[in-house]
Amino acid sequence: MIRNVIGSVLALAGATAAVWSPFRDWYDGRHGRDYRVQDLFNGISGTDGPLVSSILLPLAFGALITLLGVLMRSRLLVTLSGLIVLGFTVLWMVRQGQAAGSLTVGGDGAGLGTGVALAAGGGVLLLVAAVVMSGRRREEAYDEEVHAPPQEDWGPYGPDATGPVPYRGNSSYPPSPYDDGHGRDGPPTLPAPPRQDER
C-alpha cells in the first residue's frame with residue numbers, strides 16, 4: 001500500500017513535468033509547443049503549428065496513460081507512459097541534432113532549454129514510479145485469500161447432485177439408516193401376512 005502511494009505521487013509528478021515541458025524553452029529559446037508532431041518524423045522545420053498538433057500531443061497522451069495507470073494501480077501502464085515520454089523526447093533530440101548539426105547546451109537561452117530537461121526528467125520519473133509501485137495483483141490475491149467466503153462442505157455430494165442429499169435437519173438425532181434422502185424415513189414397507197380366515 002505504501003509503495004503504491006509513493007509510486008503514484010512520483011508518477012503524477014513525472015506526468016506533470018512532461019505536460020508542462022512544451023511551455024518551456026526547448027532549443028534556442030523556441031518553446032516545445034512550437035514544434036509540430038510531424039516534424040519529429042519529417043525533420044525539424046521553422047514552421048510553427050497549432051498547439052493541438054504540437055509535441056504537446058504525445059506528451060499529454062503519456063500523461064493520460066499515467067492517470068489510468070495510477071487509478072488502476074498498473075505498473076505496466078505507468079511504464080508505458082514513461083517510455084512514450086522518453087521516446088518522443090529522444091526522437092526530438094535526434095531530429096533537432098540533425099537540423100542544427102549538433103546539440104549544444106548554453107546559457108542565455110542558447111542550446112537545449114529547460115523544457116527538454118523537464119520532459120526527460122518526467123519520463124525517467126515515470127519509470128522510477130513503475131519500479132516503486134507494488135502493483136495490484138499481489139494485494140488482490142491476498143484479499144481474495146483472506147476474505148473469501150467459507151465453502152460449504154457437501155461431502156461426496158454436490159450442490160447440483162441428483163443423488164441422495166446429506167442429512168441437514170435441525171434434530172439432534174442422527175438420520176435414520178433407512179432414510180433414502182427424499183423424505184421417506186423408516187424401514188421398507190412389507191406386504192401384510194394373509195389372515196387366518198382367508199386361508
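In what order do the elements of the protein chain run from the N terminus on? They go α-β-β-α-α-α-α-α, and the model behind all these views is a predicted one.

**View 1. The whole chain, six helices and two strands.** Here's the protein chain before we zoom in. Of its 199 residues, 30% count as buried. The chain exposes about 12800 Å², and carbon and sulfur atoms supply 62% of that area. Take the contacts between residues at least 6 apart in sequence: 62% of them join residues at least 24 apart.

**View 2. Helix α4, residues 75-100, end to end.** This helix has 26 residues, and at 1.5 Å a residue it should span 38 Å. Its end C-alpha atoms sit 37 Å apart, so the model agrees with that expectation.

**View 3. The buried residues of α4 and what covers them.** Buried here are Val78, Ser81, Gly82, Ile84, Val85, Leu86, Thr89, Trp92, Gln96 and Gly97. An α-helix has 3.6 residues a turn, so residues three or four places apart point the same way. Keep that in mind while following the list along the helix. The cover includes four other helices, namely α1 (2-20), α2 (39-42), α3 (56-72) and α5 (114-132). Strand β1 (25-27) is also part of the cover.

**View 4. Helices α1 and α3 packed side against side.** Two packed helices are described by the angle between their axes and the distance between the axes. For α1 and α3, the axes come within 9 Å and cross at roughly 165°. An angle over 145 degrees counts as roughly antiparallel, and α1 and α3 are therefore roughly antiparallel to each other. The crossing is left-handed. On the α1 side, look for Ser8, Ala11, Leu12, Ala15, Ala18 and Val19. They meet Leu56, Leu59, Ala60, Ala63, Thr66, Leu67 and Val70 in α3.

**View 5. Aspartate 28, in the loop between β1 and β2.** This one is worth a look at the backbone: aspartate 28 isn't a glycine, yet its phi is positive, at about 55°. The loop leads on to β2, which is residues 30-31.

**View 6. Arginine 73, in the loop between α3 and α4.** Arginine 73 is another non-glycine residue with a positive phi, about 55°.

Methods
Residues are numbered from 1 along each chain as its sequence is written. This is a predicted model: local features need pLDDT of at least 70, side-chain atom pairs count only at pLDDT 80 or more; totals for chains, interfaces and linings use all residues. Side-chain values use heavy atoms; hydrogens and water are left out. Buried means under 20% relative accessible area, exposed over 50%, partly exposed in between (1.4 Å probe, protein chains only). Contact means heavy atoms within 4.5 Å. Accessible areas come from the Shrake-Rupley method with a 1.4 Å probe; for residues, only the protein chains shown count as cover. The expected span of a helix is 1.5 Å times one less than its number of residues. Axes are lines fitted to C-alpha atoms, for helices over the stretch in contact, and angles run from 0 to 180 degrees between N-to-C directions. Angles under 35 degrees count as roughly parallel, over 145 as roughly antiparallel, 65 to 115 as roughly perpendicular and the rest as oblique. A crossing is left-handed if the near helix is turned anticlockwise from the far one by less than a right angle, and right-handed if clockwise.
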